[in-house]
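Here is a short tour to read alongside the model. Keep the 3D view open and turn it as you go.

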Amino acid sequence: MKPIIHLYLLAILCLNVSALLAQSPMQTDEKTTAFLKQFRSDYSNHMMNNKLELIMGYYADEIRLMPAFQKTIMSKGNASVYHKAFSARFDIKDYEREAIETLDLGGRVVETGTFTMILQLRSTGKEYQINGKYQDIWKKLETNGLALITEAWNHNERTEIDDHFRFVEVPAVQTAFQA
């Protein structure tokens, strides 16, 4: 009789755990959704018009940029150096972001999406289209706002200009080796 009770209890536990795992993630509220939409718009405008001031207000002081082909860039100041180096090397003709999923995880909001960028390498004048994915992690602030703490992206395919996306002049760290 005892093995049957144990089996029964195990089955109930498994059903409860699987129901918990199957729950849909929390959706963001309208205010957060509008805020993120505005950020995507400001980010696109920054990229196409080289207006760093459009995005720096969104960044937390401890922002962590994780760009394609680059070591991790830590801090708002270093993020600014990266964006300036990027704009000096490339002329962005078009940039669009599309959110795929946004999750409210309590103290954090995570947005995952895709981007398309048409850029011109200034040194050659040649244009390229880059498609990729991004993930932004936002910290909820006590003032009911959000601050971007991690911005990561990568390209869907390798291109002949991948080496041009590395900026040795930008302070960066190999986070895998940090304690």
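## The lining of the largest cavity

Let's start inside. The residues that line the largest cavity divide into 10 nonpolar, two polar and one charged. This is a predicted model, and by the rule used here the count comes to one cavity of 30 Å³ or more. About 110 Å³ of space lies in it.

Helix H4 provides the largest share, three residues.

## The sheet

Now for the strands around that space. Six strands make up an open sheet with mixed pairing, and their order is E2-E1-E6-E5-E4-E3. Strand E2 (73–74) and strand E3 (90–104) each have a single partner strand, so they stand at the edges and one side of each is left without a neighbour in the sheet. Strands of a sheet pair through backbone hydrogen bonds, either parallel or antiparallel.

E3 and E4 pair in the antiparallel sense over 13 bridges, and Ile 92 stands opposite Leu 119 in E4. E4 and E5 also run antiparallel, joined by 13 bridges; here Thr 112 has Gln 135 in E5 as its bridge partner. Strand E5 (residues 127–140) pairs with strand E6 (residues 146–155) in the antiparallel sense over nine bridges, with Lys 140 opposite Leu 146 in E6.

## Two helices on the sheet

Which strands does helix H2 touch? Helix H2 (residues 30–49) packs on the sheet, where it touches strand E1 (59–66), E3, strand E4 (108–121), E5 and E6. Its direction makes about 165 degrees with that of E3.

Helix H4 (residues 76–89) packs on the sheet as well, touching E1, E2, E3, E4 and E6. The direction of H4 makes about 50 degrees with that of E1.

## Glycines in the hairpins

Two turns deserve a look. The hairpin of E3 and E4 has three residues between the strands, and Gly 106 there takes a positive phi near 95 degrees. In the hairpin of E4 and E5, with five residues between the strands, Gly 125 takes a positive phi near 80 degrees.

## The largest pocket

The largest pocket has a volume of about 160 Å³. Its lining consists of Asp 29, Lys 31, Thr 32, Phe 35, Lys 140, Asn 144, Gly 145 and Leu 146. H2 gives the most to this lining, with three residues.

How do the lining residues divide by type? In the largest pocket, two are nonpolar, three are polar and three are charged.

The chain averages a pLDDT of 89, and 84% of the residues score at least 70. Residues 6–11 have a pLDDT below 50, and this stretch has zero contacts in the model beyond near neighbours in sequence. Where pLDDT is low, the predicted coordinates should not be read in detail.

Technical notes. Residues are numbered from 1 along each chain as its sequence is written. This is a predicted model: local features need pLDDT of at least 70, side-chain atom pairs count only at pLDDT 80 or more; totals for chains, interfaces and linings use all residues. Side-chain values use heavy atoms; hydrogens and water are left out. Two strands pair if DSSP finds at least two bridges between them. Helices (H or I, at least four residues) and strands (E, at least two) are DSSP runs, numbered from the N terminus. Contact means heavy atoms within 4.5 Å. Axes are lines fitted to C-alpha atoms, for helices over the stretch in contact, and angles run from 0 to 180 degrees between N-to-C directions. On a 1 Å grid over the protein atoms alone, a cavity is a set of points where a 1.4 Å probe fits but cannot get out, and a pocket is an open set with protein on both sides within 12 Å along at least five of seven lines; lining residues have an atom within 4 Å of a point. Grid points are joined across faces, edges and corners, and a volume is the space filled by probe spheres set on the points. Ala, Val, Leu, Ile, Met, Phe, Trp, Tyr, Cys and Pro count as nonpolar, Asp, Glu, Lys and Arg as charged, and the others, Gly among them, as polar. pLDDT is the predictor's confidence in each residue, from 0 to 100.
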